[in-house]
Amino acid sequence: MLQEKIAAGTDGLGRRDAGAPTGPVALDRRHRPTADICSQTLREFAAVNRTSVQAARAAYCHTMRTAAGLALPSIVRREQQDAVLKFCLEVPGTAGRSPFETESVIIPMNSYRGSSWHTLCISSQVGCRMGCTFCETARMGLLRNLSAAEIVSQFLVARELMAERGLAPSKPYRYFLSGIQNIVFMGMGEPLDNFEEVTQAIRVLTEPNGIAFPHAQITLSTVGRIDGLRKLAALNWPNLRLAISLNAPNDALRNQLMPLNKGMPLAELHRALMAYPLARRGLFLIEYVLIKDVNDSPEHARETAAWCRDLRCVVNLIPYNPQRDATYETPDEAVTFRFLTELRRNGIFVKRRLTHGRDLMGACGQLGNPGLRKSSP
Ligand code: SF4
């Protein structure tokens, strides 16, 4: 209420609030911390600046659409393989440690119909505490949550990198003219383990008077934190896409691969998804990392199909991407095909994800700087 009152520049009874300036906001961007505006929607930005939404709109819109005057985090590492670009941004460390880094990947995509676009994969945490045994990030442990501003900054930097590659945003501004048409929360971290900052970042990314990225082009990927799924359901964002990292069709195997499953077993996850308010034509993306001789048999495929049967979903098969010094292996092409065929035979809509960026440790499950692991000096 208070925010609404300030934002409207009135005292709540339609009278002009004496303390609230009414003119357009003329902000000295050199002195405006990036963290502030990158974590604010227009309404919040107006409230902080004690003005009306109308007066703040032009300054907010200009800043978020051009990043003019923002001191974005510096790129500390940048690696490219073909057209896949991985970049790392410096963020403050915790408890006197040297700075940490985020990891993001810009991935070119092509449809079967010949259209092409870029997907941006972003991180929600530095490291992760979920402990999935097939994932490089898990080995870091959780170093810290990223703030909403640090999450949004990954998009703003990616947009600049796209412009540098000759894909400059055109005018009038449209989010997709930067070449990035999808944002996926599939980088380092479990987004629902950092619920408040991730959802605030989504509010900022989708703010119509700012970046204006549609909910329908954002995918949040989770290991299936049921508490987080319920909180997300309460926000009623039916168009936000949701990916569930399944990876095993029974509790015994999933407990081994994904320790979270011990407290949040598959039957409960299934119930939470059935209750989730999907858009009328929405589908869950069920991600399945296929690991040689672990979860890749026809029987596993049939169990997966049974678990998925009454969910509105598409299964995304991801052949395991090797980690540094890991014991798991990638299945043969024939085994991947057999698994896919078995799912289809059981009536499941399934796609196979093409692997990008494997050699630069930028593919799914490969993100994470070993030098930053919790146990490292
Ligand atoms: S797969 Fe995702 S949730 Fe699991 S450890 Fe890796 S980053 Fe965390």
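Thr119 lies in strand β4. Helices and strands here are DSSP runs, numbered from the N terminus, with at least four residues (H or I) for a helix and at least two (E) for a strand. The model is predicted: local features need pLDDT of at least 70, side-chain atom pairs count only at pLDDT 80 or more, and totals for chains, interfaces and linings use all residues. Residue numbers start from 1 along each chain as its sequence is written.

Beyond its neighbours within four places in sequence, Thr119 is in contact with Ile107, Met109, Asn182 and Val184. Contact requires C-beta atoms, placed from the backbone, within 7 Å. Asn182 is also the bridge partner of Thr119 in β7.

**Strand pairing**

Two strands pair if DSSP finds at least two bridges between them. Strand β7 takes part in both pairings below.

| Strands | Direction | Bridges |
|---|---|---|
| β4 (residues 116–121) and β7 (residues 180–185) | parallel | four |
| β7 and β8 (residues 218–222) | parallel | three |

In the second pairing, Ile183 stands opposite Ile218 in β8.

**Phe185**

Phe185 is found in strand β7. Phe185 is buried because 24 other C-beta atoms lie within 10 Å. Which residues touch it? Leaving aside neighbours within four places in sequence, Phe185 is in contact with Ile122, Ser124, Pro191, Val198, Thr219, Leu220 and Ser221.

Two pairs can be compared by sequence and by space. Thr119 and Gly179 are 60 residues apart in sequence, with 8.5 Å from C-alpha to C-alpha. For Phe185 and Ile151 the values are 34 residues and 9.6 Å, again C-alpha to C-alpha.

β7, helix α6 (residues 195–206) and β8 form a right-handed β-α-β unit. Right-handed has a set sense: with the strands pointing away from the viewer, the path from the first strand over the helix to the second runs clockwise.

Helix α6 has twelve residues. Its first and last C-alpha atoms are 16 Å apart, close to the 16 Å expected at 1.5 Å a residue. The expected span is 1.5 Å times one less than the number of residues. Val198, Ala201, Ile202, Val204, Leu205 and Thr206 are buried in α6. Their cover includes α5 (148–164), β7 and β8.

Helix α5 is mostly covered, with 14 of its 17 residues buried. The 17 residues of α5 should span 24 Å at 1.5 Å a residue, and its end C-alpha atoms are 25 Å apart, which agrees. Just after α5, Gly166 takes a positive phi of about 90°.

**The ligand**

How many residues surround the ligand? Twelve do, and the closest are Cys128, Met130, Cys132, Cys135 and Ala138. A residue is near a molecule if its C-beta atom, placed from the backbone, lies within 6 Å of it. The shell divides into seven nonpolar residues, four polar and one charged. Ala, Val, Leu, Ile, Met, Phe, Trp, Tyr, Cys and Pro count as nonpolar, Asp, Glu, Lys and Arg as charged, and the others, Gly among them, as polar.

**The whole chain**

The protein chain has eleven helices and twelve strands. Of its 377 residues, 45% are buried. Among contacts with a separation of 6 or more, 68% join residues 24 or more positions apart.

Methods. Buried ≥ 20, exposed ≤ 12 C-beta atoms within 10 Å, placed from the backbone. Contact = placed C-beta atoms within 7 Å.
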